[in-house]
Amino acid sequence: RHARLARAVHAAVAAWSEGGALRLFTKLPAARSVSVSAIEVSPGIDPEALRTVARERFQVAIAGGLGPLAGRVFRIGHLGDMNEAMILGCLAGVEAAMQVQGIAHGHHGVEAAIASLARQA
């Protein structure tokens, strides 16, 4: 289940990365975690501001980067009591927060996640 949800998040981030402002931090697919995905943002983008908008306006909690990744990434968890609907809601909230923040992103991240989940049924 965690791997399936992780693949959906990775599909969403791949679609978002078409805008050029963010990408998965772990480049090698085989090295990616099934518990959490770190999304790296381009210089000049404040992931903490994105987290604030996601939390306060769309009620979606995403984590910040730790240690040397603070201010460079945000993280989406897909471990524990998480299901398909919850991860899709999270992705929609993040996508909406990027829209509010004016962060360049491909606008089909949630659709890519849905397609990923549908293929895995």
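## S116 and its surroundings

S116 is in contact with R7, A8 and A11, once its neighbours within four places in sequence are left aside, where contact means heavy atoms within 4.5 Å. The residue lies in helix α4 (helices are DSSP runs of H or I with at least four residues, strands are runs of E with at least two, and both are numbered from the N terminus). With a relative accessible area of 5%, S116 is buried (buried is under 20% relative accessible area, exposed over 50% and partly exposed in between, with a 1.4 Å probe and protein chains only).

This is a predicted model, in which local features need pLDDT of at least 70 and side-chain atom pairs count only at pLDDT 80 or more, while totals for chains, interfaces and linings use all residues. Residues are numbered from 1 along each chain as its sequence is written, and side-chain values use heavy atoms, with hydrogens and water left out.

A8, one of the residues in contact with S116, has its place in helix α1 and is buried, at a relative accessible area of 0%. The C-alpha atoms of A8 and F58 are separated by 20 Å, and the two residues are 50 apart along the chain.

The axes of α1 and α4 come within 7 Å and cross at roughly 145° (axes are lines fitted to C-alpha atoms, for helices over the stretch in contact, and angles run from 0 to 180 degrees between N-to-C directions). On the α1 side R4, L5, R7, A8, A11, A12, A15 and W16 take part, and they meet G109, A112, A113, S116 and L117 in α4. The residues of this contact divide into 9 nonpolar, 2 polar and 2 charged (Ala, Val, Leu, Ile, Met, Phe, Trp, Tyr, Cys and Pro count as nonpolar, Asp, Glu, Lys and Arg as charged, and the others, Gly among them, as polar).

## Helix α3 and its two partners

Helix α4 (residues 109-119) also packs with α3, at an angle of about 160° and with the axes 9 Å apart. The two helices are therefore roughly antiparallel to each other (angles over 145 degrees count as roughly antiparallel, under 35 as roughly parallel, 65 to 115 as roughly perpendicular and the rest as oblique). α3 passes α4 in a right-handed crossing, and the contact is made by E84, L88, L91, A92 and E95 of α3 together with G109, V110, A113, I114 and L117 of α4. Sorted by type, the residues of the contact of α3 with α4 are 7 nonpolar, 1 polar and 2 charged.

For helix α2 (residues 47-58) and helix α3 (residues 84-101), the axes come within 9 Å and cross at roughly 115°, and this crossing is right-handed. From α2 the contact takes in A49, L50, V53, A54, R57 and F58, and from α3 it takes in G93, V94, A96, A97, M98, V100 and Q101. Of the residues in this contact, 10 are nonpolar, 2 are polar and 1 is charged.

## The nonpolar core and F74

The largest nonpolar core has 29 residues, of which W16, L22, I62, F74, I76, L91 and V94 touch the most other members (such a core is a set of buried Ala, Val, Leu, Ile, Met, Phe, Trp, Tyr and Cys residues joined through side-chain atoms within 4.5 Å). Two or more residues each are given to this core by α1 (2-16), β1 (22-24), β2 (36-41), α2, β4 (73-77), α3 and α4. In soluble globular proteins, nonpolar side chains tend to be buried together.

F74 is found in strand β4 and, at 0% relative accessibility, counts as buried. Apart from neighbours within four places in sequence, F74 is in contact with S37, A38, I39, V41, P47, L50, R51, I62, A63, G64 and V94. Among these contacts is I62, which lies 12 residues from F74 in sequence and 6.8 Å from it in space, C-alpha to C-alpha.

## Two loop residues

Q59 has its place in the loop between α2 and β3 (63-64) and, at 63% relative accessibility, counts as exposed. Its phi is near 55°, a positive value in a residue other than glycine. Most residues other than glycine have a negative phi.

A70 is found in the loop between β3 and β4, where its relative accessibility of 44% makes it count as partly exposed. The C-alpha atoms of A70 and E48 are separated by 9.0 Å, although the residues are 22 apart along the chain.

How values were computed: A crossing is left-handed if the near helix is turned anticlockwise from the far one by less than a right angle, and right-handed if clockwise.
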